[in-house]
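Please look through the sequence and the model below before reading on.

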Amino acid sequence: MVRAVTRRRAIGIIAAAAGLPLLYSSSPAKANAPVVVWTGQALGAPAKLVLHHGNMAKARRLIDEIVLEVARLEGIFSLYRDDSILAELNRVGGVAVSSPEMVSLLDQCLRVWERTGGLFDPTVQPLWEVYRDHFASGHGDEFGPSQTKLNRALGKVGFEAVRYGSDRIAFTERGMAMTLNGVAQGFITDRVAYMLRNEGFDSCLVNMGEERAVGAQSDGTPWHVGLATTEDSLDPDAVLSIVNRAVATSSPTGFVFDEDGKFGHILHPKTGSAPMAYRRVTVIADDATTADALSTAFNLMDVTSIRSVLKDWPGASADLVEPTGARHRI
């Protein structure tokens, strides 16, 4: 049976703003401007905004605009909304109406797909469906789907078979499907950060499934992001200090297909396997879209390969925790 944990991302924010901690803070920062805190959801994940600004009415108005924008983007990227562009693409194999946001996101997917040797591949959805159906039936082998079924699904996987432009997106192979769950939350996080900056907000923490700091806290101190095994943990094993940076974390156990937790949701697009090489992979980068995509791909790579890929993103870094607890900072 498919089993999900309460949080898709294994990350917790422990920054405090005006004495209002998102999880907790041992030394809350004293804010120099009023704070507005909003909580909600984005693409099914918990979302939160913390805004420092002297004009409370402006802050609340902008939050209303952000909520509408997130809903609009969900209408493009959501895998589970029947009326989304992505859902229609997966149903019929092509859509005549694209969007600038979809093209922009697919451009970024293409770059990461190329740089990771195809290990970041949004077209793994057919593999996901094989695992889902295998374990949801209640009669599936505890060792997972047969290689025959996986090979059949692998024949429908490959980002090189996606054609897209300003007016059309299409698959060149029948039966293909795409998921943007490994990157769209980062994209939405970046979009919200852009809206805030454009309105003159220079001290914000954006969490739309991934985290991005706009400036520092209003007292000049960095935002602090605590990394933990689960997002609702109050005991992080590491704390990152960030200013104008994004953080994304992926974990194979964020969603598991089987009751024993042996088969996670991060699937290898070349072998069809569900590796558990890391307990948690965190990437810090200039933007949340890049951090999100790389954190997904790095779950399928060894340390040497990750180090090589990071050379294409100067300033980016990774924090890896193996199942044994061994840790690598690259």
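Which residues does N244 touch, not counting residues up to four places away in sequence? They are R197, A213, V214, G215 and D286, where a contact means heavy atoms within 4.5 Å. N244 is found in the loop between β13 (238-242) and β14 (246-250); helices (H or I, at least four residues) and strands (E, at least two) are DSSP runs, numbered from the N terminus. Although N244 is not a glycine, its phi is positive, at about 55 degrees. With a relative accessible area of 35%, N244 is partly exposed, on a scale where buried means under 20% relative accessible area, exposed over 50% and partly exposed in between (1.4 Å probe, protein chains only). N244 and D287 lie 43 residues apart in sequence, and the distance between them in space is 8.8 Å, C-alpha to C-alpha.

The model is predicted, with local features needing pLDDT of at least 70 and side-chain atom pairs counting only at pLDDT 80 or more, while totals for chains, interfaces and linings use all residues. Residues are numbered from 1 along each chain as its sequence is written, and side-chain values use heavy atoms, with hydrogens and water left out. The mean pLDDT of the chain (the predictor's confidence in each residue, from 0 to 100) is 84, and 87% of the residues reach 70 or more. Over residues 1-31, however, pLDDT stays under 50, and for this stretch the model has 105 contacts beyond four places in sequence.

The chain has eight helices and 18 strands, and 55% of its 330 residues count as buried. Among contacts in the chain between residues at least 6 apart in sequence, 63% join residues at least 24 apart. H52 counts as buried, at 4% relative accessibility.

V92 and A177 are 85 residues apart in sequence, and 9.4 Å apart in space, C-alpha to C-alpha. Just after α2, G93 takes a positive phi of about 85 degrees.

The next topic is how helices pack in pairs. Two packed helices are described by the angle between their axes and the distance between the axes. Here axes are lines fitted to C-alpha atoms, for helices over the stretch in contact, and angles run from 0 to 180 degrees between N-to-C directions.

How do α1 and α3 pack? Their angle is about 65 degrees and their axes are 10 Å apart, so α1 and α3 are roughly perpendicular to each other; angles under 35 degrees count as roughly parallel, over 145 as roughly antiparallel, 65 to 115 as roughly perpendicular and the rest as oblique. The crossing of α1 and α3 is right-handed (a crossing is left-handed if the near helix is turned anticlockwise from the far one by less than a right angle, and right-handed if clockwise). R72, L73, I76 and F77 of α1 make the contact with E101, M102 and L105 of α3. By class, this contact of α1 with α3 has five nonpolar, no polar and two charged residues, where Ala, Val, Leu, Ile, Met, Phe, Trp, Tyr, Cys and Pro count as nonpolar, Asp, Glu, Lys and Arg as charged, and the others, Gly among them, as polar.

Helix α4 (residues 125-136) and helix α5 (residues 147-154) pack at an angle of about 155 degrees, with their axes 8 Å apart, and are therefore roughly antiparallel to each other. In this pair, P126, L127, V130 and Y131 in α4 meet K149, L150, A153 and L154 in α5, a contact that has seven nonpolar, no polar and one charged residues by class.

For helix α6 (residues 184-198) and helix α7 (residues 288-298), the angle is about 165 degrees and the axes are 7 Å apart, which makes α6 roughly antiparallel to α7. A184, Q185, G186, F187, T189 and D190 in α6 meet A288, T289 and D292 in α7, and by class this contact has three nonpolar, four polar and two charged residues.
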